[in-house]
Amino acid sequence: MHLVSPEELSGLITARLKQQPTVLVALDGRCGSGKTTLAAQLAEHFPQSITLHTDDFYLPPPQRLRAEAVAPARAGRAVCYKAYSCREGAYLPPRVLGPVPLVIVEGSYSHHPSLAPYYDIKVFVTCSAEEQVRRLRAREGKRYLN
């Protein structure tokens with residue numbers, strides 16, 4: 001395991017972007033570990049990017065994520081998909097994103113073995129158990145109980 005700061009990760013991405021036209025970064029980790037926050041920081045630092053959330057690729061996530069987003073992005077094409085809304089229990093209208101130089105894939109199962117060949121950089125985001133509980137309570141409110 002190699003620990004990197006967000007600044008070091010930005011440097012790695014910048015170096016890759018100088019070597020190739022499209023870079024795919026996967027951010028995986030436990031619930032509440034900071035994946036979405038890190039993705040937002042990277043997106044702010046790299047305005048020519050898109051962020052894909054694995055939660056949008058519900059049922060079956062690895063296959064849909066690969067076919068509708070990761071494979072087209074790796075090929076330098078636009079990504080077109082219908083996000084699934086658990087809250088609404090339905091697919092949302094189609095979204096078309098990109099093509100862009102940087103694609104950030106954020107969420108659980110972004111490191112699924114079937115997706116590994118598409119990524120240039122894979123990051124596992126983690127935090128202490130105490131910090132995870134604090135974040136989940138802040139995010140989920142009364143719905144989150146130990």
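What is the mean pLDDT of the protein, and what percentage of its residues reach 70 or more?

## Model and confidence

The mean pLDDT is 90, and 94% of the residues reach 70 or more; pLDDT is the predictor's confidence in each residue, from 0 to 100. This is a predicted model, in which local features need pLDDT of at least 70 and side-chain atom pairs count only at pLDDT 80 or more, while totals for chains, interfaces and linings use all residues. Residues are numbered from 1 along each chain as its sequence is written, and side-chain values use heavy atoms, with hydrogens and water left out.

Confidence is highest in β5, at 97, and lowest in helix α4 (residues 129–140), at a mean of 84. Helices (H or I, at least four residues) and strands (E, at least two) are DSSP runs, numbered from the N terminus.

## Nonpolar cores

The largest nonpolar core has 18 residues, of which Leu-52, Leu-65, Val-103 and Tyr-119 touch the most other members. At least two residues of this core come from each of β1 (23–29), β2 (49–53), α3 (61–74), β3 (79–85) and β5 (102–106). The largest share, 4 residues, comes from α3. A nonpolar core here is a set of buried Ala, Val, Leu, Ile, Met, Phe, Trp, Tyr and Cys residues joined through side-chain atoms within 4.5 Å. Buried means under 20% relative accessible area, exposed over 50%, and partly exposed in between (1.4 Å probe, protein chains only).

Leaving aside residues up to four places away in sequence, Leu-65 touches Thr-54, Phe-57, Val-70, Val-105, Leu-115 and Tyr-119 (contact means heavy atoms within 4.5 Å). Another core, of 14 residues, lies apart from the largest one, and among its members are Val-23, Leu-27, Phe-46 and Val-125.

The largest pocket holds about 790 Å³ of space. Its lining has 29 residues, with Thr-36, Asp-55, Glu-106, Arg-139 and Glu-140 nearest the centre. Two or more lining residues come from each of α2 (35–45), β3 and α4, and α4 gives the largest share, 4 residues. By class, this lining has 11 charged, 10 polar and 8 nonpolar residues. Ala, Val, Leu, Ile, Met, Phe, Trp, Tyr, Cys and Pro count as nonpolar, Asp, Glu, Lys and Arg as charged, and the others, Gly among them, as polar.

The second largest pocket holds about 450 Å³. Of the 20 residues lining it, Val-4, Leu-38, Val-123, Phe-124 and Val-125 lie nearest its centre. The elements giving two or more residues to this lining are α1 (6–19), α2 and β6 (121–125), and β6 has the largest share, 5 residues. The classes here are 11 nonpolar, 7 polar and 2 charged.

A pocket is an open set of points on a 1 Å grid over the protein atoms alone, where a 1.4 Å probe fits, with protein on both sides within 12 Å along at least five of seven lines; lining residues have an atom within 4 Å of a point. Grid points are joined across faces, edges and corners, and a volume is the space filled by probe spheres set on the points.

## Single residues

Leu-3 is in the segment before α1 and counts as exposed because its relative accessibility is 70%. Leu-3 and Val-123 lie 120 residues apart in sequence, but 9.1 Å apart in space, C-alpha to C-alpha.

Gly-98 and Pro-99 are joined by a cis peptide bond, with omega about 0°. Pro-99 is in the loop between β4 (90–97) and β5. In the loop between β5 and β6 lies Tyr-109, a residue other than glycine with a positive phi, near 60°. With a relative accessible area of 35%, Tyr-109 is partly exposed.
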